[in-house]
Amino acid sequence: MDDQVALVGLAVEIWLDGMSSALVLWRYKKGKRRDGTATELQRFKAERNLRRERNASWAMGVVFVFSAIILAIKACVKLLTFRASGSRLKTEHGGASVGALISWPCFFVFGGLACVKLALSKQLDSDTLKADALCSLLASLLAFVVGVSESLATRNGWVADPVAALLVAGILLVEGAKQLRSTQSDRHVPLS
């Protein structure tokens, strides 16, 4: 089971989704009570919200890029070192039922979360929440791939595992770079 890259990737995605959700919660937490006129308070609140959105976007970009690097390294190592011998395949698919038991509920839970977060991101006009929705969507996608590869567990099925991990790593890297770039400039770079 330690060679199942997509399962490791799913664990990284679940960690990533937890981190991004924590960042969203921080982004929308209630600010400290301040004294001042209504206009001053409104201006301060707008500045605080902009600052929090930018900081949360930057942190999510860093987490996305970091996770992409870990996932890509693990997938490349597996692609370059895997030998499809009989005993290795038995070891590789020894935890197939555990992987399927973990991945299928994650597919449905993260898929539902992605839909809700995306709808909320549109209502609140928040790129931070949109990135969090993307994170949940990628977790759902990876859980689906793990579930299918664990359920089919064929002789050549091991290739789907690292390829899916590389695909998710590539998406994370691109979106993480967009998040980081959008915080470095005055112009807004929306997520795709």
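How many aromatic pairs does a search of the whole structure find? The search finds four of them, in a model that is predicted.

## Aromatic pairs

One of these pairs joins Trp104 and Phe144 in an edge-to-face arrangement, with 5.8 Å from centre to centre and 85° between the planes. Because Trp104 belongs to helix H4 (residues 96-124) and Phe144 to helix H5, this pair ties together parts of the chain that are 40 residues apart in sequence. Trp104 is partly exposed, at a relative accessible area of 27%, and Phe144 is also counted as partly exposed, at 36%.

Phe144 forms a further pair with Phe107, which is tilted, with 5.3 Å between the centres and 45° between the planes. Here too distant parts of the chain are linked, since Phe107 is in helix H4 and Phe144 in helix H5, 37 residues apart. Phe107 is partly exposed, with a relative accessibility of 23%, and ring pairs link Trp104, Phe107, Phe108 and Phe144 into a cluster.

Asp132 is placed in helix H5, which spans residues 127-152, and Asp132 is buried, with a relative accessible area of 2%. Its side chain makes a polar contact with the side chain of Lys117 at 3.1 Å. Beyond neighbours within four places in sequence, the residues in contact with Asp132 are Asp17, Ser20, Ser21, Val24, Met60 and Lys117.

## The chain as a whole

The chain holds six helices and zero strands, and of its 192 residues 42% count as buried. Among contacts with a separation of 6 or more, 82% come from residues 24 or more positions apart. The chain exposes about 10,600 Å², of which carbon and sulfur atoms supply 67%.

How values were computed:
Residues are numbered from 1 along each chain as its sequence is written. This is a predicted model: local features need pLDDT of at least 70, side-chain atom pairs count only at pLDDT 80 or more; totals for chains, interfaces and linings use all residues. Side-chain values use heavy atoms; hydrogens and water are left out. Helices (H or I, at least four residues) and strands (E, at least two) are DSSP runs, numbered from the N terminus. Buried means under 20% relative accessible area, exposed over 50%, partly exposed in between (1.4 Å probe, protein chains only). A polar contact is a pair of N or O atoms within 3.5 Å; within protein, one must be able to donate a hydrogen and the other to accept it, and residues adjacent in sequence count only if both atoms are side-chain atoms. Contact means heavy atoms within 4.5 Å. Accessible areas come from the Shrake-Rupley method with a 1.4 Å probe; for residues, only the protein chains shown count as cover. Rings of Phe, Tyr and Trp (its six-membered ring) pair if their centres lie within 6.5 Å; planes under 30 degrees apart count as stacked, over 60 as edge-to-face and the rest as tilted.
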